[in-house]
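Dear colleague,

Please find the structure below, handed over for your work. My findings follow it.

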Amino acid sequence: MTTRLLGAALGTTLLASFAGAQVYDTVCFESFDYPAGSLQGQGGGTGWANTWWSNGGTPQSADVLVPGLDAIGGCARDVLENVGSYRVPDSGAWPAITENLQFGADGAEIWIDFLAVRAPLGDDEYGGVSLNLQFVGEKLFLGSPFQTYEWGYQVPGGASGTVAGSSVDVPTHLVYRIQFQPGDEQLSLWVNPASDHPTTTPDLTAPVPDMRWNEFRLQSGVFTSVHGYDFDALRVTTPRLEPGFAFCFGDGAGTACPCGNNNDGSNGAAGCANGVNPGGGAMTAAGDASVSADTVVFTATGVQPNQPGLFFRADNAVNSGLGNAFGDGLRCAGGNVIRLGTVFADGSGTAVSTSSAGAGLSAGDVKRYQYWYRNPAGTPCGAAFNLTNGYEITWGM
Ligand SMILES: [Ca+2]
Ligand SMILES: [Ca+2]
């Protein structure tokens with residue numbers, strides 16, 4: 001391919017557009033995939049800092065029951081009244097949503113979901129999953145508050161609420177979202193939503209007092225005849241933080257693609273249609289845009305398999321961020337171009353950057369990125385090369 005990038009960039013005003021579905025990262029997950037027996041000391045799942053501690057006496061405070069409530073392994077059944085089982089997620093891997101290794105930094109959005117049911121024929125009067133501060137105590141209870149027999153929440157010694165019509169005697173998928181803010185947090189609950197991260201109106205919302213947490217507790221109690229609550233598929237997720245945002249799309253909304261080859265939207269926010277993909281090539285980014293700890297990685301999808309392309313960095317968003325015709329596509333980033341390496345697409349038409357995107361930069365620098373790739377197969381305008389959308393990053397410390 002040619003190694004010369006054409007044209008000086010014009011304009012620095014960016015017309016940004018946000019597109020694509022939010023991606024969530026899993027902080028920790030536990031499906032209780034253990035043999036039937038004590039939960040004490042079990043250490044499976046992902047994203048945990050320790051093993052289950054279930055009051056190691058006899059009887060244990062929780063047992064593994066097989067089969068569970070999800071399709072994997074068993075579940076946890078709380079079997080000792082008013083005594084919890086505890087486990088600590090590995091918070092060290094999540095600096096953006098933690099403070100002093102406790103979850104709940106201002107601005108963090110944390111989702112907690114699990115399956116739960118009161119044990120068959122059981123008559124416990126409460127049961128749920130608590131968010132604790134280890135060795136300090138319970139900060140928020142997620143489950144069925146005392147004598148409500150519906151699913152909801154309770155602030156220890158404070159407000160509570162439940163979703164009318166829900167029932168602790170029906171296996172239920174509870175999805176909680178906590179939006180951590182300065183001062184009070186905002187809690188939302190969906191009961192059996194259609195997706196794991198619903199965008200529908202929550203079944204319950206409530207402010208809860210300012211809190212941090214770093215430990216789960218499973219607990220139930222106060223029974224007359226049959227004790228127990230079952231819990232399964234306990235998970236914490238958080239929205240993946242993008243280091244910046246995409247701009248300059250070959251979808252016809254801005255600058256038209258060079259030969260009527262606007263993309264058809266099938267590859268999300270992307271560049272112009274190419275010879276192998278009517279959706280065009282799309283570039284996304286993940287990682288931390290920190291000049292001192294750069295982990296930004298770009299991924300281009302929908303390009304021609306097994307062909308080379310160039311990730312590059314530039315100062316400007318071309319044509320006020322709308323781009324100019326260039327080859328079979330649109331040139332979105334220009335001015336003071338720095339090459340970030342030639343990368344061949346794999347057999348599925350995906351290329352992942354391998355060079356530092358932030359090398360030599362200072363905090364506060366704003367840079368534009370793009371992937372310029374060869375596309376001889378079916379080249380729509382005859383240029384045999386094309387480009388993805390652009391991507392802008394404002395670099396931090
Ligand atoms: Ca399970
Ligand atoms: Ca707060």
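Among the contacts in the protein with a separation of 6 or more, 64% are between residues 24 or more positions apart. Please keep in mind that this is a predicted model.

**Overall picture**

The protein has 30 strands and 0 helices. Its C-alpha trace spans about 80 × 40 × 35 Å along the principal axes. Of the 397 residues, 48% are buried. The domain assignment divides the protein into domain 1, covering residues 24–239, and domain 2, covering residues 244–394. Between the C-alpha centres of domain 1 and domain 2 there is a distance of 42 Å.

**The nonpolar cores**

The largest nonpolar core contains 53 residues, and I110, L174, Y176 and F231 are those with the most contacts inside it. Strand β8 (residues 109–118) supplies the largest share of this core, namely 7 residues.

L174 deserves a separate entry. If its neighbours within four places in sequence are left aside, L174 is in contact with D113, F114, A116, L142, W151, L189 and V191.

**The six-stranded sheet**

One open sheet consists of 6 strands in the order β5-β16-β9-β10-β11-β12, and the pairing is antiparallel. Its edge strands are β5 and β12 (160–162), each of which pairs on one side only. On average, neighbouring strands of this sheet are turned by 20 degrees against each other, direction ignored.

- Strand β9 (residues 126–133) runs antiparallel to β10 and is joined to it by 7 bridges. In this pair, G128 stands opposite G143 of β10.
- β10 pairs with strand β11 (residues 152–154) over 3 bridges, again in the antiparallel sense. Here G143 stands opposite G152 of β11.
- β11 and β12 are likewise antiparallel, with 3 bridges between them. G152 stands opposite T162 of β12.

In the hairpin of β9 and β10, 3 residues lie between the strands, and F135 takes a positive phi near 70 degrees.

**The three-stranded sheet**

Another open sheet is made of 3 strands in the order β19-β20-β27, with antiparallel pairing. The edge strands are β19 (282–286) and β27 (351–352), and each pairs on one side only. β19 runs antiparallel to strand β20 (residues 297–301), and 5 bridges join the two. Within this pair, A285 stands opposite F298 of β20.

**Backbone features to inspect**

Most residues other than glycine have a negative phi, and most peptide bonds are trans. The following places depart from that pattern.

The peptide bond from V66 to P67 is cis, and its omega is near -5 degrees. P67 is located in the loop between β3 (62–65) and β4 (75–78).

N82, a residue other than glycine, has a positive phi near 60 degrees. N82 belongs to the loop between β4 and β5 (85–87). Is N82 buried or partly exposed? N82 counts as partly exposed because 14 C-beta neighbours lie inside 10 Å, whereas 20 or more would be required for a buried residue.

A233 also has a positive phi, in this case near 50 degrees, and is not a glycine. A233 is part of strand β17 (residues 229–239). With 20 other C-beta atoms within 10 Å, A233 is buried.

With kind regards

Definitions and conventions. Residues are numbered from 1 along each chain as its sequence is written. Chains are lettered from A and ligands numbered from 1 in the order in which they are written. This is a predicted model: local features need pLDDT of at least 70, side-chain atom pairs count only at pLDDT 80 or more; totals for chains, interfaces and linings use all residues. Two strands pair if DSSP finds at least two bridges between them. Helices (H or I, at least four residues) and strands (E, at least two) are DSSP runs, numbered from the N terminus. A nonpolar core is a set of buried Ala, Val, Leu, Ile, Met, Phe, Trp, Tyr and Cys residues joined through C-beta atoms within 7 Å. A residue is buried if 20 or more other C-beta atoms lie within 10 Å of its own, exposed if 12 or fewer, and partly exposed in between; C-beta atoms are placed from the backbone. Two residues are in contact if their C-beta atoms, placed from the backbone, lie within 7 Å. Domain bounds come from an automatic or database domain assignment. Axes are lines fitted to C-alpha atoms, for helices over the stretch in contact, and angles run from 0 to 180 degrees between N-to-C directions.
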